[in-house]
Amino acid sequence: TKCESGCVCADGLYENLDGGCVPAEECPCEYGGLAYGKGEQIQTECEICTCTKGKWKCVQKSKCSSTCNLYGEGHITTFDGQRFVFDGNCEYILAMDGCSVNRPVSSFKIVTENVICGKSGVTCSRSISIYLGNLTFVLRDETFTISGENPGVRYNVKKNVLHLMFDIIIPRKYNMTLIWNKHMNFFIKISRETQETICGLCGNYNGNMKDDFETRSKYVASNELEFVNSWKENPLCGDVYFVVDPCSKNPYRKAWAEKTCSIINSQVFSACHNKVNRMPYYEACVRDSCGCDIGGDCECMCDAIAVYAMACLDKGICIDWRTPEFCRKF
């Protein structure tokens, strides 16, 4: 709307974001409240966009990846974007292949184990197991162990202050990046070279969120609890019959939760607000902050905010939101 020749600037020149007049070739592009110069690029999981004459020209990547998020007290966003919450004290299959009836052999399986972390019965994902044939990774108690071997799998482990990252390649099938914040948040990013079906709590990764509640028996469940119960690793575990609302159980915590989580709605994250819908993340933050009532309450709140920050980063918006007084980097 600003870039119109002859209105503010002389004919053939256009106003840039700093109020100067430039030729069309020098027009910047805007994204997330930031200006990008001619030829600068931004990348998303599926596109590379280049700034050209004030407009983004985007090209699809040859290999498009998708991410499943498991965070906080049982929040999941599937590969296809479906969101749901569950509170189950059991082991559940997050994602695996070999789901078809005709070919039940899987090359990978990722399992989450939940434990109770609040008096109201809410659960937190605390332990992740990754099975790759005879090779097994177990993520627990802020560290990890590796056992067995599989010469058909290549992997690399990277660490930083906040995360453990696992790059796993199953040749001619999958490239996976698994990111764990050593607490409750776990991200599975998959790029695949096969049309092999994927299944589990992360959905079937077919581009359609409407059929993500596909059960182990290959039918679409009528509700998320039926779907979740079908993906128990151990069938002897008890079924989940209802989802706890921690803020109703702990109303005295609600005001504190809403106040601390309001950073998501504040100016701190304003550059991201028009790129990633903040409300689901804010609501998840309030819910988790109400629920962590037997210790670790600030950890629960910080983890929930970090998920929104990572969603912003996936869109190319880097938010510096941690401070020494608020969710410091240890």
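Visitor: How many bridges join strand S5 to strand S6?
Guide: This is a predicted model, in which local features need pLDDT of at least 70 and side-chain atom pairs count only at pLDDT 80 or more, while totals for chains, interfaces and linings use all residues. Residues are numbered from 1 along each chain as its sequence is written, and side-chain values use heavy atoms, with hydrogens and water left out. Strands are DSSP runs (E, at least two residues), as helices are (H or I, at least four), numbered from the N terminus, and two strands pair if DSSP finds at least two bridges between them. S5 and S6 (residues 47-52) run antiparallel, Gln41 stands opposite Thr50 in S6, and the number of bridges joining the two strands is 3.

Visitor: Which are the edge strands of the open sheet of 7 strands?
Guide: The order of this sheet is S10-S9-S8-S19-S18-S17-S16, with antiparallel pairing, and its twist averages 10 degrees from one strand to the next. Towards one end, strand S9 (residues 75-77) pairs with S10 over 3 bridges, and Thr77 stands opposite Arg83 in S10. The strands that pair on one side only are strand S10 (83-85) and strand S16 (154-159).

Visitor: Which residue in the turn of the S14 and S15 hairpin has a positive phi?
Guide: Strand S14 (residues 135-140) and strand S15 (residues 143-147) pair in the antiparallel sense over 5 bridges, and the bridge partner of Arg140 in S15 is Thr143. The hairpin leaves 2 residues between the strands, and the residue with a positive phi, of about 55 degrees, is Asp141.

Visitor: Which element gives the largest share of the lining of the largest pocket?
Guide: The largest pocket has a volume of about 710 Å³, and of the 30 residues that line it the closest to its centre are Leu162, His163, Ala306, Trp321 and Arg322. The elements that give two or more residues to this lining are strand S18 (174-180), strand S19 (186-192) and helix H6 (297-314). The largest share, 10 residues, comes from H6.

Visitor: Between which domains does the largest pocket lie?
Guide: The domain assignment, whose bounds come from an automatic or database source, gives domain 1 (13-60), domain 2 (65-230) and domain 3 (246-315). Because two of these both give residues to the lining, the largest pocket lies between domain 2 and domain 3.

Visitor: Which element of the protein chain has the highest mean pLDDT?
Guide: The protein chain averages a pLDDT (the predictor's confidence in each residue, from 0 to 100) of 85, and 90% of the residues score at least 70. Among the elements, the lowest mean, 79, belongs to strand S4 (residues 34-36), whereas the highest, 96, belongs to strand S17 (residues 164-170).

Terms used:
Axes are lines fitted to C-alpha atoms, for helices over the stretch in contact, and angles run from 0 to 180 degrees between N-to-C directions. On a 1 Å grid over the protein atoms alone, a cavity is a set of points where a 1.4 Å probe fits but cannot get out, and a pocket is an open set with protein on both sides within 12 Å along at least five of seven lines; lining residues have an atom within 4 Å of a point. Grid points are joined across faces, edges and corners, and a volume is the space filled by probe spheres set on the points.
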